[in-house]
Amino acid sequence: MDRYARWNALLEMLTDSGRITVEKAAELLNVSQATIRRDFDQLAQQQMITRTRGGAVANGVSYDLPLRYKTAKHSAEKQRIGAAAAALVSPGTVVGLNGGTTSTEVARALAVRPDLNTSAEGAQLTVVTNALNIANELLVRSRMKVVVAGGVVRPKSFELVGPLGGALLREVTLDVALLGVDAIDPQLGAAAHHEGEAAMNNLMVARAKRVVIIADSSKLGGHAFARICPVERVETLVTDTGAAPGLVDAFRTAGVHVICA
């Protein structure tokens, strides 16, 4: 396990438990205690955790870890979800795409579809995004038209938020919005932890003809601080096969088409 994989694992442990000792972390990751102490010191320097005598505690960010530390969690499921969501996109359409690890997999799947990358008249895909990493994924891999909303960058998610981006989104029309979320519930709808991200996502919903939520099964039935949209506004939910059958049935009863990739 390399350093970044260890850091990801340590942060996930702290997300779950709030605190952990050097001894326990070394045992779980099968590395030396000296390695864990160095990892804790480096994470503390980045203000990701707080060091304690003999261990570490979460530094108030356990609910919203930076994107670069989330990539390993549910990665196989997110890749399948990304491919399934990308398959819903037709050439020549305008797609809204927000930030997050699952949205990144959607962008990667879109970028390698030959039918979306042609230069033929009227066939080029247009992607409107408020996430810098999504724009980068598409720009370096494809010939799509990429439109980036303005705003202030959130370092944890690479998303742009605030009134500058909202001004652009109010002037465009999206054929489909493909949105990653922190939680989606059959009664409460889709939500995000950060109110700025939720506001930008809500604007995409308002400007979209169709709304597709992309979320691995760990997000289903969960709650988050700021609502993005009610469940009635969601046409399709793309999730993984680990989704609880009862929750899938509840979404379908609410009128949502559910795809389990």
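Which hand does the crossing of helices H4 and H5 have?

## Crossing of H4 and H5

The crossing of H4 and H5 is right-handed; a crossing has this hand if the near helix is turned clockwise from the far one by less than a right angle, and is left-handed if anticlockwise. The model is a predicted one, in which local features need pLDDT of at least 70 and side-chain atom pairs count only at pLDDT 80 or more, while totals for chains, interfaces and linings use all residues. Residues are numbered from 1 along each chain as its sequence is written, and side-chain values use heavy atoms, with hydrogens and water left out.

Helix H4 spans residues 75-86 and helix H5 residues 101-111; their axes come within 8 Å and cross at roughly 50 degrees. H4 is therefore oblique to H5. Helices (H or I, at least four residues) and strands (E, at least two) are DSSP runs, numbered from the N terminus. Axes are lines fitted to C-alpha atoms, for helices over the stretch in contact, and angles run from 0 to 180 degrees between N-to-C directions. Angles under 35 degrees count as roughly parallel, over 145 as roughly antiparallel, 65 to 115 as roughly perpendicular and the rest as oblique.

On the H4 side, the residues that meet H5 include Lys-78, Ile-81 and Ala-85; among their partners in H5 are Thr-102, Val-106 and Leu-110. By class, this contact of H4 with H5 has seven nonpolar, four polar and two charged residues.

## The sheet and its helices

Three strands form an open sheet in the order S1-S3-S2, with antiparallel pairing. Strands pair if DSSP finds at least two bridges between them. At the edges lie strand S1 (19-21) and strand S2 (49-52), each of which pairs on one side only. On average, neighbouring strands of this sheet are turned by 20 degrees against each other, direction ignored.

S2 and strand S3 (residues 55-58) run antiparallel and are joined by four bridges. Thr-52 stands opposite Gly-55 in S3. Helix H1 (residues 3-17) packs on the sheet and touches S1, S2 and S3, its direction making about 125 degrees with that of S1. Helix H2 (residues 22-29) also touches S1, S2 and S3, and its direction makes about 80 degrees with that of S1.

## Buried residues of H6

In helix H6 (residues 132-141), Asn-133, Ile-134, Ala-135, Glu-137 and Leu-138 are buried, that is, under 20% relative accessible area (1.4 Å probe, protein chains only). Their cover includes strand S4 (94-97), H5, strand S5 (126-129) and strand S6 (145-148).

Glu-137 has a relative accessible area of 12%. Leaving aside its neighbours within four places in sequence, Glu-137 is in contact (heavy atoms within 4.5 Å) with Thr-104, Ala-107 and Arg-108.

Definitions and conventions: Nonpolar A, V, L, I, M, F, W, Y, C, P; charged D, E, K, R; others polar. Buried < 20%, exposed > 50% of the residue type's maximum accessible area, 1.4 Å probe, protein only.
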